[in-house]
Amino acid sequence: MSAATTRSRTPDRLCAEAVDLARAAAEEAAAPGVVGEHSGLVSEGDRVVTHFFECKELGYRGWRWAVTVARASRAKIVTLDEVVLLPGPDALLAPEWVPWSERLRPGDMGPGDLLPTGAEDLRLEPGYSGEDEPPPASPVSEEMAELVEAEDAEVTGGTPANLPVVPTRGTIASVAEELGMRRSRVLSRYGLHIAADRWEEAYGAKTPMAQAAPASCVSCGFLQPIGGSLGQAFGVCANEFSPADGRVVSLAYGCGGHSEAAVMPKPPVPPPPVIDETRVEPFPLRPAADSGSVPAVAEEDMAELGHS
């Protein structure tokens, strides 16, 4: 351990004895009566000591007034460095601020609430893009599709041992396979009607949420269309903060999470600050007596009015 390190950890005697100077500086910066007892000191370096005083101001439990004093080399006069209010080990601190976008959880929205959507929300994209992309469930990527077209090859979903049995070409089963009707039974017209009535009652235009919504789902970017005849009146909501996330909703339904209801513009980037280090601006520690909206009244004038 060097001699400089030893000196920096040992408080300077004159700086450590300057408790009255530190208290006077703390009382000048603070309001009257909020500076408590001297609670210790710490050496900040050679001839630099910070004194701590308890803070008695309401709402600052565990905070301390930290007054740093210093002494020049070979000087016997201790000067004031800075005064600041710092939290102590047991200080009462405010919880860490969390943006509303991180505090919001699915199901927090109610009728009439609006959920702003960012201008660069990654969950949305312009409606004119993506038409050349393969379907989301397609096993063939764009690069593989170009390779198949160039080589005139056939792409399968795996090895022949793992492929399902394909119906014989020309049979009714093969035709049904091409049309997507390989299932033995499908919904009847009655089944479609009762399903539509059930979905319309749960997530339709007559619900309180839809009545207070700024727009309907038919113009929302989070609506995922569905196939079949039900796709003419229903879709699937893909907004995780919507109360209908993952549900089949009517095109006339709506909520405050509509993608175009309240689009937040991109915040402007402020210019870098310009600091003029050649000028000194005086800053008062306390406001002037005549700076408020109520004129100052002497205690002698108030005594004539008496007490109520």
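Predicted model: local features only at pLDDT ≥ 70, side-chain atom pairs only at ≥ 80, totals over all residues.

**Helix H7 and the two sheets**

The cover over the buried residues of helix H7 includes strand E7 (234–237).

H7 takes in residues 189–202. Its 14 residues should span 20 Å at 1.5 Å a residue, and the C-alpha atoms at its ends are 20 Å apart, so the two values agree. Gly191, Ala195 and Ala196 are the buried residues of H7. On the face of H7 turned away from the buried side are the exposed residues Arg189, Tyr190, Asp197 and Glu201.

Strand E7, part of the cover over H7, also belongs to an open sheet of 3 strands, ordered E6-E7-E8 with antiparallel pairing. Strand E6 (223–225) and strand E8 (248–250) are at the edges; each has a single partner strand, so one side of each has no neighbour in the sheet. Neighbouring strands here are turned against each other by 50 degrees on average, with direction ignored. The antiparallel pairing of E6 with E7 runs over 3 bridges. Within it, glutamine 224 has valine 236 of E7 as its bridge partner.

In general, the strands of a sheet pair through backbone hydrogen bonds, in a parallel or an antiparallel sense.

A further open sheet consists of 4 strands in the order E1-E2-E3-E4, and its pairing is antiparallel. E1 and E4 are the edge strands, each pairing on one side only. From one strand to the next, the twist averages 25 degrees. E2 and E3 run antiparallel and are joined by 7 bridges. Opposite histidine 51 stands valine 67 in E3. Helix H3 (residues 19–29) lies across E1, E2, E3 and E4, and runs at about 115 degrees to E1.

Arginine 71 is in strand E3. Its relative accessibility is 17%, so arginine 71 counts as buried, the cut-off being under 20%. Which side chain does the side chain of arginine 71 meet in a polar contact? The partner is the side chain of aspartate 12, at 2.7 Å. Leaving aside residues up to four places away in sequence, arginine 71 touches Asp12, Leu14, Cys15, Arg47, Lys76, Ile77 and Val78.

One of these contacts, Arg47, is found in the loop between strand E1 (35–45) and strand E2 (48–55). Arginine 47 has a positive phi of about 60 degrees, although it is not a glycine. With a relative accessibility of 29%, arginine 47 counts as partly exposed, because that class lies between the 20% and 50% cut-offs.

Arginine 74 is in the loop between strand E3 (63–71) and strand E4 (78–87). Arginine 74 is not a glycine either, yet has a positive phi, of about 65 degrees. Is arginine 74 buried or exposed? At 85% relative accessibility, arginine 74 counts as exposed.

Conventions. Residues numbered from 1 in each chain as written. Heavy atoms only, no water. Buried < 20%, exposed > 50% of the residue type's maximum accessible area, 1.4 Å probe, protein only. Polar contact = N/O pair within 3.5 Å; in protein donor to acceptor, adjacent residues only side chain to side chain. Contact = heavy atoms within 4.5 Å. Expected span 1.5 Å × (residues − 1). Pairing = 2+ DSSP bridges. Axes fitted to C-alpha atoms, helices over the stretch in contact; angles between N-to-C directions.
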